Amino acid sequence: MCGNGNNQRVLIIEDDEHINGIIYDGLTADKFHCTQAYSGSEGKMNLAHREYQLIVLDLMLPGLSGEEFMHYLRKDLKSGVPVIILSAKDQLDHKLNLFALGADDYVTKPFEIEELIARIHVHIKRNAADESSKEYKHKNLLLDSTAYSVKVKDKTLSLTRQEYKIVELLVRNPTRVFTKQDLYELAWDEIYMGEDKTITVHISNIRNKIKRYDSEPYIDTIWGIGFRLSK
């Protein structure tokens, strides 16, 4: 992890240590929080533990390729996080295939780090604007990220800031299992210091508030791991 003073998190998936380091150093200097991964599998593992505002993705990766990672991200996780592809290939048909897979931008190697950082800023800003005006629906629950409200059967839930953030994380990532550490660090934006009952109490409070209007389950406990949105 790197950077401070900026809540924007970027996942760098690049097997070339030199290029990965250049991107890492450039983003650190620009106050981003960064995670470095050197294979598609390592990038996939990082997605299970943290939420990112953007991913920088190389294609020629050991193990899980960049194309396979994109398929997992868009089809399996159903994540809309912006992805900037890095590749030495500059053929038009190659680029079009990647855009069809769900890539948001394409940077040809070799590249200038200043240009990459500028593109990262553009995509994060654009995605934040899109996310700020979105509604998310699951069963009889409707989350309005513009009004910071959650309704169940048209009844507004009275949620604390952290309760709202937990619901938002679960609804926006319907297939992801969040550990207690994940939820604590994302909802409180603080480092998780170990086992406590904070998350369990908040999950219980959310469930009770939903049950006032709907007996359907909305949050599953995955024993020994964490919590997930109910199917």
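A residue is called buried when its relative accessible area is under 20%, exposed when it is over 50%, and partly exposed in between, using a 1.4 Å probe and protein chains only. The model is predicted, so local features need pLDDT of at least 70 and side-chain atom pairs count only at pLDDT 80 or more, whereas totals for chains, interfaces and linings use all residues. Residues are numbered from 1 along each chain as its sequence is written, and side-chain values use heavy atoms, with hydrogens and water left out. The structure holds eleven salt bridges, each being a side-chain nitrogen of Lys or Arg within 4 Å of a carboxyl oxygen of Asp or Glu.

**Helix to helix**
- Glu163 and Lys209 form a salt bridge with their closest N and O atoms 2.7 Å apart.
- Glu163 belongs to helix H6 (residues 161–172) and Lys209 to helix H8, so the bridge ties together parts 46 residues apart in sequence; helices (H or I, at least four residues) and strands (E, at least two) are DSSP runs numbered from the N terminus.
- Both Glu163 and Lys209 are buried.

- Arg119 pairs with Asp105 in a salt bridge whose closest N and O atoms are 2.9 Å apart.
- This pair links helix H5 (residues 113–131), which holds Arg119, to strand E5 (residues 105–108), which holds Asp105, across 14 residues.
- Arg119 is partly exposed at 25% relative accessible area, while Asp105 is buried at 14%.

**Loop to loop**
- Lys139 and Glu216 form a salt bridge, with 3.4 Å between the closest N and O atoms.
- Lys139 lies in the loop between strands E6 (135–138) and E7 (141–144), and Glu216 in the loop between helix H8 (198–211) and strand E10 (219–222), 77 residues apart.
- Lys139 is partly exposed at 25%, and Glu216 is partly exposed at 40%.
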